[in-house]
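These notebook entries record what I looked up in the structure, element by element.

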Amino acid sequence: MTNPAPLAANPKVGFVSLGCPKALVDSERILTQLRVEGYDFSPSYEGADVVIVNTCGFLDSAREESLEAIGEAMNANGKVIVTGCMGAEPEKIRERHPNVLAITGPAQYESVLKAVHAAVPPSSNPLLDLVPAQGVKLTPKHYAYLKISEGCNNRCSFCIIPSLRGDLVSRPVGDVLREAENLVKGGVKELLVISQDTSAYGVDTKYATSEWRGRQVKSKFYDLAEALGELGVWVRMHYVYPYPHVDAAIELMAQGKILPYLDIPFQHASPNVLKAMKRPAAQEKTLERIHKWREICPDLTLRSTFIVGFPGETEEDFEFLLEWMEEAQLDRVGCFKYEAVQGAVANDLPNAVPEEVKEERWHRFMAAQQAISADRLQEKIGHTLDVMIDGENEDGGFIGRTAADAPEIDGVVFVESSKPLYAGQIVPVHITEADAYDLTGTAAA
């Protein structure tokens, strides 16, 4: 009797994922399908049979980072497939790196797989490990991004996302909820709901319904949030434009169904600048609505991003923004100096703001918000808050986050504990210290 021939090693794929969480989800989908087809993954360029680079193309600086990443992969491996947002401009990639194997645009999963098949055929090994129901994840086991749609119907003058990713295409709500269930079954304790415009979910499908858990659920922002709230994990809503129907979701937060957290990209407060930006959703009563939200849900955390130095922004517009910020008392804020994006309508607007003025306004903005954030965090001292542990700290303690903190973009809690804690565990922590960004506390014995 002859010994069976040894099974051939599975082909290995290297992967680089750049850009936003939405791109990270694209990467996870590609990796999951490759794993289903028998591919393994290499932690190094040298050990890979082919390398995929998922690019970002929103800002010029992001484009340059993507081109450098492609070059690094080409130098170390030589067999590179490019996908993602910058893939929508293949000529710019070919100009710098003419020998890449293939270029595909964002969310073109099938094209990526075909390119991989052409470069390295899949293994026919019938004894492959099964892929877990939650798929291959690039985030830690205890949290995951849940993308509910592709593209965007808005036409903000500074943004080129619609030209890169197309108009809004919402996923069927049943598919979203089943994916969420599988993630929870796989150990996920926090779902981060993302899209380009989360509160517009379902507009393109006229809020079509799907069956889930024996009932019909609409593909609508509130209905999705309510259904996700049944899964017994933290549900965090990102990129929520402040359309009027968002108000109803605040009640879900007050009831503890989803986290009392809204990530709203306000971008500015001055009516003149917002008009030039062509921002969607009525802004006139935003402060009034924020006050009402906090009456309904006192624990509500609001995070946002802003742009200073937009073309035509006057000193009066900027002062208006600072006064608005003082009134709004947002908890977490990011700020960017306006950067022209190739192909954006805003590039043709008059009265460009000088770079030195952008810089000066950015520093003033950040100083003002830092004071607000520090004051709001000081109010948490002496309270006991639920904290989700993310891992160990270098000093022997632990690092975690409250419901007010999204991973990687908000603050953290440095936790001292007399007993071991593990990632994904939610523990009560008595807060003892605070600075402008982070908290320190002691886990309950």
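Entry 1. I began with helix α1 (residues 21-36), which lies across β1, β2, β3 (50-55) and β4 (80-84) and runs at about 175° to β1. I then looked up helix α4 (residues 109-119), which packs on the sheet and touches β1, β3, β4 and β5; the direction of α4 makes about 160° with that of β3. Contact here means heavy atoms within 4.5 Å. Axes are lines fitted to C-alpha atoms, for helices over the stretch in contact, and angles run from 0 to 180 degrees between N-to-C directions. Helices (H or I, at least four residues) and strands (E, at least two) are DSSP runs, numbered from the N terminus.

The model is predicted: local features need pLDDT of at least 70, side-chain atom pairs count only at pLDDT 80 or more, and totals for chains, interfaces and linings use all residues. Residues are numbered from 1 along each chain as its sequence is written, and side-chain values use heavy atoms, with hydrogens and water left out.

I noted the strand order of the open sheet as β2-β1-β3-β4-β5, with parallel pairing of its 5 strands. β2 (40-41) and β5 (102-103) stand at the edges with a single partner strand each, so one side of each has no neighbour in the sheet. Two strands pair if DSSP finds at least two bridges between them. I found 2 bridges joining strand β1 (residues 12-17) to β2 in parallel, and V13 stands opposite F41 in β2.

Strand β6 (residues 143-147) pairs with β9 in the parallel sense over 5 bridges, with Y143 opposite E190. Strand β12 (residues 234-237) also pairs with β9 in the parallel sense, over 4 bridges, and W234 is the bridge partner of E190 in β12.

Entry 2. I placed Q196 in the loop between β9 (190-194) and β10 (209-212). Q196 is buried, with a relative accessible area of 19%. Leaving out residues up to four places away in sequence, Q196 touches K22, G151, C152, I161, Y239 and Y241.

Y207 lies in the loop between β9 and β10 and is partly exposed, at 29% relative accessible area. The phi of Y207 is positive, near 60°, in a residue other than glycine. Most residues other than glycine have a negative phi.

β10 pairs with strand β11 (residues 215-218) in the antiparallel sense over 4 bridges, and T209 stands opposite K218. The two strands form a hairpin with 2 residues between them, and R213 in the turn has a positive phi of about 55°.

Entry 3. I looked up helix α11 (residues 315-328) and helix α12 (residues 355-378), whose axes come within 10 Å and cross at roughly 10°. Residues making the contact include F318, L322 and M325 of α11 and R361, F365 and I372 of α12.

The largest nonpolar core has 51 residues, and among those with the most contacts inside it are W324, L330 and F365. Such a core is a set of buried Ala, Val, Leu, Ile, Met, Phe, Trp, Tyr and Cys residues joined through side-chain atoms within 4.5 Å. α11 gives the most to this core, with 6 residues. A second, separate core of 17 residues includes V16, L18, M74 and I103.

**Entry 4. Barrel.** Finally, I recorded 5 strands that close into a barrel in the order β16-β17-β18-β20-β19, with mixed pairing. The twist averages 50° from one strand to the next. Strand β16 (residues 384-392) pairs with strand β19 (residues 426-434) in the antiparallel sense over 5 bridges, and V387 stands opposite V427 in β19.

Technical notes. Buried means under 20% relative accessible area, exposed over 50%, partly exposed in between (1.4 Å probe, protein chains only).
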